[in-house]
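Reader: Can you take me through this one? I have it open and will jump around.

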Amino acid sequence: LETPYNRSDESILNTFQSGSALVYDGEKLILLGKDGKQINENGTEIVAKTDNVVVFKKKAAYGLLDAMGNELAPNKYRRIQTVIAGELYAYTAQKDGMDVLGLIDGKGKVKSEALFDDLTIINQGDKFYIKGFVSNGKQALFDASGNEIFSPVFQNVEPIDNEKYFVYTENTRKGLIGRDYMKYIPAAYDNLNLVCFKKDTLFIAKNDNKTYILTPDNKTLDVLEGNIKDFISYNKNGEIVYIADSMLNYGIRSNKRGWLVEPKYLDVFAQSKDIFIVREKDKWGGIDINGQVKIPFEYKKVRASTSKTCIVFYDGKNKSLVLKDNGQQIDFPKTDNALPKTDYVEYKVKNEKVRLYFDGSEVKDKFKTIGVNKNGILVAKNKKGWSYFDSKTYDNLTDEYFDFATGFTSDGAAYVVKDKKLLQIDRQFTITRTILDDNYKNLNDIANILLMSEQIKRNTVIVTDKNDKKTLLKIIR
């Protein structure tokens with residue numbers, strides 16, 4: 001992740017990417033070549049550099065250079081701001097005496113003329129888009145390279161998890177449109193959302209209290225007076241089974257057979273294998289798709305792991321229960337507080353926090369928070385802060401304490417937060433570099449994203465500074 005670190009009295013913002021480094025010389029930024037000489041000419045103010053793209057200012061106008069000082073875009077713009085670092089930028093020009101924005105790529109090519117009052121980056125899954133807002137209330141949509149997908153002819157166009165379709169808005173009503181501007185579902189609904197069943201694509205539309213299940217070609221599969229909570233199955237015969245409410249009570253419904261379980265439950269929490277977790281009066285239990293009770297209604301509290309691999313039932317008075325996603329049920333002692341995870345449940349007994357792994361092993365100590373426990377290293381928080389401990393003896397492996405800490409990646413890096421800075425450390429707990437300084441928010445969340453980036457195949461992260469400005473940064477492994 002390309003971000004600042006300090007070296008003596010100079011601050012190097014990137015280390016000779018594409019042949020030069022961006023360096024603070026006193027209070028001004030300069031481009032420094034590998035020969036130690038300044039690249040940019042005097043009078044050229046360097047604003048930012050990412051890879052081979054440099055934003056510069058000269059004679060009160062902005063332009064782009066490459067890393068060796070060659071001009072990519074002339075200094076004719078009122079301002080240039082980063083949209084996607086090194087790849088896409090927003091430029092400011094004047095039109096009818098007003099400042100308006102356009103898009104220019106990292107090679108200096110203008111992707112959009114200056115039309116927009118504002119530009120903002122949005123994400124859908126692992127893809128990024130740019131919205132352009134014009135003064136008449138219409139919106140344009142661009143891909144991450146700055147290519148126009150939709151011109152500003154609709155009130156709103158939103159990407160969804162299907163590159164073929166977009167949700168558009170006309171006269172405050174929503175419909176479905178393709179990249180070729182073909183309208184698959186007319187703008188006739190208060191809301192429209194995508195639902196995917198393996199290779200099948202459906203849409204859920206709402207008008208007042210009516211919910212419609214639609215195909216992409218606008219065929220109606222079911223209409224419900226109420227709301228859909230969750231979908232269970234969709235088979236080749238076109239039968240959809242789903243959890244829905246009617247008159248504020250939940251049941252299980254088929255679009256071909258009607259209500260399979262009459263709507264009599266006050267809430268539905270989740271599905272685990274073939275068991276549905278529902279609330280009857282003030283107690284939680286579990287039923288199957290035919291309404292047969294599989295977990296008795298004895299528990300006042302229920303909680304699921306983020307990964308949905310297990311659900312815990314507890315109320316502090318009776319024994320507690322773990323329901324795993326394979327249907328296995330495990331009893332554990334009564335508790336007022338339980339936190340289920342992928343392969344363990346963490347709970348409190350008096351002031352002691354206990355971690356019960358599903359293989360039967362336990363971690364016990366008076367840690368405030370227990371983090372990753374892997375390869376003999378336990379990441380945990382005690383009264384002094386976050387640190388690293390031997391997972392068997394709980395002895396400290398380092399004298400260092402942090403405001404937050406992650407486990408280690410496969411190549412031996414971990415991410416910690418200290419003094420409002422995001423740092424990377426090695427297995428000797430030595431700081432190897434500063435990732436982000438104290439100008440940025442949500443450092444704990446970013447640390448977790450960096451740790452998981454390889455596993456979730458993520459190569460970018462959006463960071464927000466103290467002024468609520470967002471920047472997209474690449475993760476370099």
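Author: Starting with Ser233: this residue is partly exposed, with a relative accessible area of 31% (buried means under 20% relative accessible area, exposed over 50%, partly exposed in between, with a 1.4 Å probe and protein chains only). The model is predicted, so local features need pLDDT of at least 70 and side-chain atom pairs count only at pLDDT 80 or more, while totals for chains, interfaces and linings use all residues. Residues are numbered from 1 along each chain as its sequence is written, and side-chain values use heavy atoms, with hydrogens and water left out.

Reader: Which strand does Ser233 lie in?

Author: Strand 25, residues 227–234. Helices (H or I, at least four residues) and strands (E, at least two) are DSSP runs, numbered from the N terminus.

Reader: And what does Ser233 touch?

Author: Phe197, Glu239, Ile240 and Val241, not counting residues up to four places away in sequence; contact means heavy atoms within 4.5 Å. Phe197 is 36 residues from Ser233 in sequence, and their C-alpha atoms are 7.7 Å apart.

Reader: Thr201 next. Buried or exposed?

Author: Thr201 is buried, with a relative accessible area of 19%. Thr201 belongs to strand 22, residues 200–207. Outside the four places on either side in sequence, Thr201 touches Asn162, Leu194, Val195 and Pro216.

Reader: How about Tyr91, buried or exposed?

Author: Buried, at 5% relative accessibility. Tyr91 sits in strand 10, residues 88–95. Leaving aside neighbours within four places in sequence, the contacts of Tyr91 include Tyr77, Arg79, Val100, Leu103, Val110 and Glu113.

Reader: How far is Tyr91 from Lys421?

Author: The C-alpha atoms are separated by 31 Å, and the two residues are 330 apart along the chain.

Reader: Switching to cysteines. How many disulfides?

Author: The count is 0 disulfides, where a disulfide is a pair of cysteine sulfur atoms within 2.5 Å. In general, a disulfide is a covalent bond between the sulfur atoms of two cysteines.

Reader: How many bridges join strand 34 to strand 35?

Author: 4 bridges, between residues 310–314 and residues 320–324, running antiparallel. Phe313 has Leu321 in strand 35 as its bridge partner.

Reader: Hairpins. What joins strand 17 to strand 18?

Author: A hairpin, through 5 residues. Strand 17 (residues 156–159) and strand 18 (residues 165–170) are antiparallel over 4 bridges, and Pro159 stands opposite Phe166 in strand 18.

Reader: Which residue takes a positive phi in the hairpin of strand 5 and strand 6?

Author: Asp51, near 55°, in a hairpin with 2 residues between the strands. Strand 5 (residues 45–50) and strand 6 (residues 53–58) run antiparallel and are joined by 5 bridges. Glu45 has Lys57 in strand 6 as its bridge partner.

Reader: How many cavities of 30 Å³ or more?

Author: The search of the whole structure finds 1 cavity at that cut-off. The largest cavity has a volume of about 40 Å³. On a 1 Å grid over the protein atoms alone, a cavity is a set of points where a 1.4 Å probe fits but cannot get out, and a pocket is an open set with protein on both sides within 12 Å along at least five of seven lines; lining residues have an atom within 4 Å of a point. Grid points are joined across faces, edges and corners, and a volume is the space filled by probe spheres set on the points.

Reader: Which strand gives the most to the lining of the largest cavity?

Author: Strand 27, with 3 residues. The lining includes Tyr250, Ile252, Val261, Phe276 and Ile287.

Reader: What about the second largest pocket, how much space lies there?

Author: About 1,200 Å³. Its lining has 35 residues, with Tyr344, Gly371, Val372, Leu451 and Met452 nearest the centre of the second largest pocket. Strand 41 supplies the largest share of that lining, 6 residues.

How values were computed. Two strands pair if DSSP finds at least two bridges between them.
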